[in-house]
Amino acid sequence: MENFITSISLATKMLSNDYVGFTFFVGCMAMMAASAFFFFSMNDFDTKWKTSILVSGLITFIAAVHYWYMRDYWATVGESPTFFRYVDWVLTVPLMCVEFYLILKVAGAKKSLMWKLIAASIVMLVTGYFGEAVYNTGTGPAVWGLISGLAYFYIVYEIWFGSAKQLAEQAGGAVLTAHKTLCWFVLVGWAIYPLGYMAGTPGWYEGLGNLGLNMDVIYNIGDAINKIGFGLVVYGAALAAKKTA
Ligand SMILES: *C/C=C(C)/C=C/C=C(C)/C=C/C1=C(C)CCCC1(C)C
């Protein structure tokens, strides 16, 4: 009985230098707050933008639920919640690809563009998981990290220079502005993740941990910037489109 009671205790003490625990906690709140914001504001917009903002809210909401579990896993088990992390990404990153498609739909984007981006994002994440959690010794992290990186570059290429770029230019206005900003998120914001991966691979950049920047802290910073920031760009585009309409 006593064991049962301690195992359902809702809060564990957090040490003041526990940056991982702290960023999981704050990240969880931020994702919840962002979800509430997106869900409550979506009805201010017409159908086209409403769906995009709904997807922004789903991305932060799915992350909030995962952060709730990851925060708890870290507090009770004291290890990186790698599995929850990748389940979160496998759900939310494809939704970000959907977001690109939804924005470009006005310019006639085809579903094939969306599926190409989704497929590349899944290759990127599954191979990343292999390098981080399955084949994580010897040359494993380098080989799987490289394949993951190639899939990442394919996404960057497609949105910056491929058909997605052409569609954004045809659409112009708020769509073009939003597309450009989201392209920067993918090029710079998403590049935070390979840094986290390198900080988490034994013998690579573990030294970053001495600066308080270990793998989980880097991933948590990346998620806050990319998931909430990405959603706000979409929200901003919806507002801009409403003003010019
Ligand atoms: C909300 C979560 C997002 C936007 C996650 C994005 C994750 C990546 C862009 C991960 C990329 C990786 C590489 C490019 C190589 C090393 C392995 C990964 C999976 C960390």
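Author: Two residues are in contact when heavy atoms of theirs lie within 4.5 Å, and this is the sense in which packing is meant below. The model is a predicted one.

Reader: Against which helices do the buried residues of H5 pack?

Author: The buried residues of H5 pack against H4, H6, H9 and H10, and also against helix H7, which covers residues 163-171. The buried set of H5 includes Leu113, Met114, Leu117, Met124 and Glu132, each with under 20% relative accessible area.

Reader: What does the same reasoning give for helix H2, with its 23 residues?

Author: Helix H2, residues 19-41, should span 33 Å, and its end C-alpha atoms lie 32 Å apart, so the values agree here too. Its buried residues, among them Val20, Phe24, Met31 and Phe38, pack against H3, H4 and H10.

Reader: Why is Ser52 called buried?

Author: The limit for buried is under 20% relative accessible area, and Ser52 has 0%, so Ser52 counts as buried. This serine is found in helix H3, residues 47-77, and, leaving out residues up to four places away in sequence, Ser52 touches Glu99, Leu102 and Val234.

Reader: What makes Ala199 buried?

Author: The relative accessible area of Ala199 is 8%, which falls under the 20% limit, and therefore Ala199 is buried. Ala199 belongs to helix H9, and apart from residues up to four places away in sequence it touches Tyr205, Glu206, Leu208, Leu213, Met215 and Ile218. Leu117 is 82 residues from Ala199 along the chain, and their C-alpha atoms are separated by 27 Å.

Reader: Why is Ser163 called partly exposed?

Author: Partly exposed is the class between the 20% limit for buried and the 50% limit for exposed, and because Ser163 has 29% relative accessibility, it counts as partly exposed. Ser163 lies in helix H7 and, setting aside neighbours within four places in sequence, is in contact with Leu113, Lys116 and Glu158. Ala109, 54 residues away from Ser163 in sequence, is 8.6 Å away in space, C-alpha to C-alpha.

Reader: Which residues have the most contacts inside the largest nonpolar core?

Author: Within this core of 69 residues, those with the most contacts are Trp49, Ile53, Leu104, Met124, Ile159, Val186 and Trp190. The largest share of the core, twelve residues, is supplied by H4. In soluble globular proteins, nonpolar side chains tend to be buried together. Trp190, not counting residues up to four places away in sequence, touches Val93, Met96, Met124, Tyr152, Ile155, Phe185 and Asn226.

Reader: Which residues are closest to the ligand, and how many surround it?

Author: The ligand is surrounded by 17 residues, of which Val93, Met124, Ser148, Tyr193 and Lys227 are the closest. Taken alone the ligand exposes 520 Å², and the protein buries 98% of that area.

Reader: Which helices each supply at least two residues of this shell, and what classes of residue does the shell hold?

Author: Helices H4 (82-104), H5 (111-134), H6 (140-160), H9 (192-200) and H10 (215-244) each supply at least two residues, and H4 gives the largest share, five residues. By class, the shell has eleven nonpolar, four polar and two charged residues.

Key. Residues are numbered from 1 along each chain as its sequence is written. This is a predicted model: local features need pLDDT of at least 70, side-chain atom pairs count only at pLDDT 80 or more; totals for chains, interfaces and linings use all residues. Side-chain values use heavy atoms; hydrogens and water are left out. A residue is near a molecule or strand if one of its heavy atoms lies within 4 Å of it. Accessible areas come from the Shrake-Rupley method with a 1.4 Å probe; for residues, only the protein chains shown count as cover. Helices (H or I, at least four residues) and strands (E, at least two) are DSSP runs, numbered from the N terminus. Ala, Val, Leu, Ile, Met, Phe, Trp, Tyr, Cys and Pro count as nonpolar, Asp, Glu, Lys and Arg as charged, and the others, Gly among them, as polar. A nonpolar core is a set of buried Ala, Val, Leu, Ile, Met, Phe, Trp, Tyr and Cys residues joined through side-chain atoms within 4.5 Å. Buried means under 20% relative accessible area, exposed over 50%, partly exposed in between (1.4 Å probe, protein chains only). The expected span of a helix is 1.5 Å times one less than its number of residues.
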